[in-house]
Amino acid sequence: MKIKITNNLIFDSKKKPLLIAEISGNHSQNKKKFLNLILKSHQNGADLVKIQTYEPKDLTIKSFTDGFKIKKGTWKNEYLWNLYKNAHTPFSWHKEAFDLAKKKKINLFSTPFSERGVDLLESFKVPLYKVSSFEIIDHKLIDLIAKTKKPIIISTGLSNIREIKDAIKIINKYHNKIIIMHCISEYPTKLENINFQRINKLKKIFKNKLIGLSDHTNNIYSSQMSLNFKVVAIEKHV
């Protein structure tokens, strides 16, 4: 099985996995750092570089009540609006990012979190999309992305098998270019929580789909170990 992105970029179950560098919010709201992370990821061997396309209003409302405060975990006591404000990549930065990618021949793509995000990315002619673990039940968004008929990577960190099947069913109305990513939505993920057997389960259930790993650990061991499971892609936060 294989999915072609460009002539030189193919997800192929019979070849080594493609490496995806995830920039996420690691630019700390510094545009120069953001652009440099894209460039350095490419220079250090990433086959693709991924950013995230959202602004706070795409994910929440500006409320500072208890209902919008995170109760536990890494971001305990943080309000959702402030969290997304500090982590988002401004829409106004995207043109420079894609101009850089075009100039340096970097395979840049993104995860949109809203319809306006998809519209923005379409204006830059992205070669593929990613659906985050958090958006796998946003069927309206998935349908809009699938309509572009471009390959879609799906992360499955928060989903059960039924939710994955529902998302795939929507995409299959338009095409079958899908890569399913095993993912644990824990930041950072403890090595003992990786659960590699889930990769085998995904392969067994989705026999005609390509399977990859979205790795949230703070080391490279799980990415290395995933090679034994013949994944087609390894995504790593940088």
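Predicted model: local features only at pLDDT ≥ 70, side-chain atom pairs only at ≥ 80, totals over all residues.
## Cavity and pocket: the terms

On a 1 Å grid laid over the protein atoms alone, a cavity is a set of points where a 1.4 Å probe fits but cannot get out, while a pocket is an open set with protein on both sides within 12 Å along at least five of seven lines; a residue counts as lining if it has an atom within 4 Å of a point. Grid points are joined across faces, edges and corners, and a volume is the space filled by probe spheres set on the points.

Residues are numbered from 1 along each chain as its sequence is written, and side-chain values use heavy atoms, with hydrogens and water left out.

## The enclosed space

How many cavities of 30 Å³ or more are there? The count is one, and the largest cavity holds about 30 Å³ of space. Its lining is made of His182, Cys183, Ile184, Thr189, Ile194, Leu213, Ser214 and His216. Strands β8 (178-183) and β9 each give two or more residues to this lining; helices (H or I, at least four residues) and strands (E, at least two) are DSSP runs, numbered from the N terminus.

By class, the cavity lining has four nonpolar, four polar and no charged residues. Here Ala, Val, Leu, Ile, Met, Phe, Trp, Tyr, Cys and Pro count as nonpolar, Asp, Glu, Lys and Arg as charged, and the others, Gly among them, as polar.

## The largest pocket

The largest pocket has a volume of about 1200 Å³. It is lined by 40 residues, and the closest to its centre are Ser24, Gln52, Trp75, Phe134 and Tyr187. Helix α2 (80-87), together with β4 (48-53), β9 (210-215) and β10 (233-237), is an element that supplies at least two lining residues; α2 gives the most, with four. The lining of this pocket divides into 14 nonpolar, 16 polar and 10 charged residues.

Tyr187 is also joined to Pro188 by a cis peptide bond, with omega at about -10 degrees. Pro188 sits in the loop between β8 and α7 (197-205).

## Nonpolar cores

In soluble globular proteins, nonpolar side chains tend to be buried together. A nonpolar core is a set of buried Ala, Val, Leu, Ile, Met, Phe, Trp, Tyr and Cys residues joined through side-chain atoms within 4.5 Å. Buried means under 20% relative accessible area, exposed over 50%, and partly exposed in between (1.4 Å probe, protein chains only).

The largest nonpolar core has 46 residues, of which Phe34, Ile38, Leu108, Ile164 and Ile180 touch the most other members. Helix α6 (residues 161-171) gives the most to this core, with six residues. Apart from it lies another core, of 15 residues, including Phe11, Leu128, Ile153 and Ile179. Leaving out residues up to four places away in sequence, Leu108 touches Ile38, Val49, Ile51, Ala97, Phe98, Ala101, Val126 and Pro127, where contact means heavy atoms within 4.5 Å.

Is Lys130 buried or exposed? Lys130 counts as buried because its relative accessible area is 5%. This lysine lies in strand β6 (residues 129-131), and its side chain makes a polar contact of 2.6 Å with the side chain of Glu235. A polar contact is a pair of N or O atoms within 3.5 Å; within protein, one must be able to donate a hydrogen and the other to accept it, and residues adjacent in sequence count only if both atoms are side-chain atoms.

Another polar contact, of 3.0 Å, joins the side chains of Lys130 and Ser155. Ser155 belongs to strand β7 (residues 152-155) and is buried, with a relative accessible area of 2%. Beyond four places in sequence, residues touched by Ser155 include Met181, Cys183 and Ser214.

## Two positive phi values

Most residues other than glycine have a negative phi, and most peptide bonds are trans. Lys105, although not a glycine, has a positive phi of about 55 degrees. Lys105 is in the loop between α3 (94-104) and β5 (108-112) and is exposed, at 71% relative accessibility. Asn195 has a positive phi of about 60 degrees, lies in the loop between β8 and α7 and is partly exposed at 43%.
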